Amino acid sequence: MTTNLELGFVPSPYQTAVFNEVENGTGNIFINAVAGAGKSSTIIAIAKILHEKGISSKEILFLAFNSDIVKALDAKVDGKFTCQTINSLGHRVLMKKLGHSKLTVDMKKYDNIIRDSLVGIVEEHAMFDAVRAMNNLLSKCMAELAEPNFEEIFSVVAHYGIDFPEVIDDKELIVKTIKNAMDMGKKLAKEQGLISFDDQIWLPTLYKWNPPAYDWVLCDEAQDLSKGKLNLALSALSSQGRFIAVADRHQAIMGFAGADAKSVDNIIAKTNPVVLPLSVCYRCPKNVISLAKEIVPHIEHHDNATDGTIHDIMEEEFLKAVKPGAMVLCRKTNPLISLCIKMISRKIGAKVKGREIGTQIKKTMQEIMGRKTSNLETFSTKMDAYSARKRANIMSRPDYDTALQNFDDKIMCVQVIVDAYMPETVKQFNEEVDSLFSDENSIVTLSTVHKAKGLEAQHVYIYMPEFLPLQWKGQKQWEREQEMNLRYVALTRSMDTLTFVNVPKKG
């Protein structure tokens with residue numbers, strides 16, 4: 001067995017069991033890791049163990065959730081295994097199989113294909129909404145590996161509650177558009193080397209183009225894999241290879257974005273692994289763990305955990321007490337924007353995490369005003385018309401409640417910024433949005449729970465805790481589960497103090 005000195009830390013009994021299975025076992029392994037369980041140190045230790053066994057880095061592949069994790073692990077494993085995202089793995093496959101010296105990744109590839117197919121069917125003023133809805137459906141179909149037929153496409157529509165504008169009221173048109181986009185997408189990839197982010201997963205899986213084979217494939221954050229990503233990851237395994245998945249079904253929160261809500265069950269079914277727990281949380285104090293146990297009973301605090309403190313305060317007290325370095329979490333986006341503006345007005349340095357959220361808000365303003373309007377004099381009138389039109393369309397759907405919640409949050413983000421800063425032009429509005437959102441940590445970082453995954457702070461505030469879990473009429477079982485998962489993720493970001501911030505009810 002690898003010694004503690006070689007590992008650089010004293011492993012827990014759970015980690016020891018994992019390391020023993022890596023060294024002495026013969027099959028696949030599923031590591032059921034709670035929040036803050038020391039996944040990174042466990043993965044790095046596995047790399048060291050394999051290295052000591054004489055296994056070269058060329059035989060070991062680690063698949064990470066995003067490029068930031070890849071960079072962080074690359075620096076720590078010192079070349080003991082190959083680190084990359086699953087998308088970059090797919091890109092390597094396409095580079096080899098498509099036969100082009102260079103591939104062009106165009107994030108508007110399918111926007112353009114869909115737009116071309118809808119010209120003459122959808123009027124220009126409605127084209128933006130139509131293309132956006134169709135591309136959303138196409139992306140989910142690719143993630144689900146759905147065939148372009150009526151049954152499978154509308155199974156995806158039902159699962160994700162995808163909303164279509166009034167101009168797309170013909171189901172046959174939807175099927176035809178998706179099928180055409182897939183056909184054209186394959187053609188452009190083969191003939192021109194033009195691919196999208198989704199293509200990096202979809203095309204290798206579609207054509208059964210396998211990556212180079214590895215004897216060991218380690219996959220992190222496996223609870224958030226789509227069906228396509230899982231297939232691609234498993235295709236990188238040699239015939240006698242071993243697959244190690246690290247996951248926590250209680251941190252599965254990306255179902256809305258195409259992740260398979262049953263990813264953990266599917267991994268276990270496909271790989272028949274030895275299932276081993278990592279149940280000790282090294283991040284959170286005892287009092288926070290007690291709250292987390294209400295959702296995940298098997299989570300444990302570590303031996304040296306402090307008691308920690310949990311508070312319940314009102315918003316005004318929070319504004320007086322919040323200190324640099326704190327993290328503020330909320331289930332919804334628009335309350336964070338309102339809070340950020342209040343904090344800035346009181347000279348408290350704050351940013352909302354996630355530039356792409358700001359980009360979506362700017363796109364919503366563009367939808368409201370139209371592409372050719374730059375002055376916001378008519379904003380109120382156009383906002384009312386846009387909101388009424390979209391709401392009428394949403395209300396015709398059986399799952400209208402969840403769609404309305406998402407729509408209202410998006411609309412309120414725009415309204416809050418307009419009310420606070422009173423921009424005169426779309427350009428000024430966009431500048432204010434850019435000033436509010438950042439991917440870098442601020443003096444105080446405000447974040448949705450989704451964006452806080454993998455982060456931690458000494459002092460964590462949960463703003464408007466009544467939204468965790470978020471509930472709505474017609475909520476599906478997988479959605480209910482992921483809402484509870486979001487509460488669990490929010491609670492387990494705290495390393496010391498956890499504070500619930502309540503906002504007085506209006507009226």
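This is a short tour of a predicted model, one selection at a time.

**Stop 1**

Start by selecting residues 124–144, which form helix H7, and residues 171–192, which form helix H9. Two packed helices are described by the angle between their axes and the distance between the axes. Here the axes come within 10 Å and cross at roughly 65°.

Now show the side chains where the pair meets. On the H7 side, pick Met134, Leu137, Leu138 and Cys141. Their partners on H9 are Leu173, Ile174, Thr177, Ile178, Ala181 and Met182. Colour this contact by class and you will find nine nonpolar residues, one polar residue and no charged ones.

**Stop 2: the cysteines**

Stay with Cys141 for a moment. Is cysteine 141 buried or exposed? Cysteine 141 counts as buried because its relative accessibility is 0%, and the cut-off for buried is under 20%.

Next, jump to cysteine 330. Cysteine 330 also has 0% relative accessibility, so it counts as buried. For the model, the count of disulfides is zero.

**Stop 3: a lysine on H17**

Finally, select residues 379–395, helix H17, and pick out lysine 382 within it. With 27% relative accessibility, lysine 382 counts as partly exposed. Beyond its neighbours within four places in sequence, lysine 382 touches Ile368, Met369 and Thr373.

Technical notes:
Residues are numbered from 1 along each chain as its sequence is written. This is a predicted model: local features need pLDDT of at least 70, side-chain atom pairs count only at pLDDT 80 or more; totals for chains, interfaces and linings use all residues. Side-chain values use heavy atoms; hydrogens and water are left out. Axes are lines fitted to C-alpha atoms, for helices over the stretch in contact, and angles run from 0 to 180 degrees between N-to-C directions. Helices (H or I, at least four residues) and strands (E, at least two) are DSSP runs, numbered from the N terminus. Contact means heavy atoms within 4.5 Å. Ala, Val, Leu, Ile, Met, Phe, Trp, Tyr, Cys and Pro count as nonpolar, Asp, Glu, Lys and Arg as charged, and the others, Gly among them, as polar. Buried means under 20% relative accessible area, exposed over 50%, partly exposed in between (1.4 Å probe, protein chains only). A disulfide is a pair of cysteine sulfur atoms within 2.5 Å.
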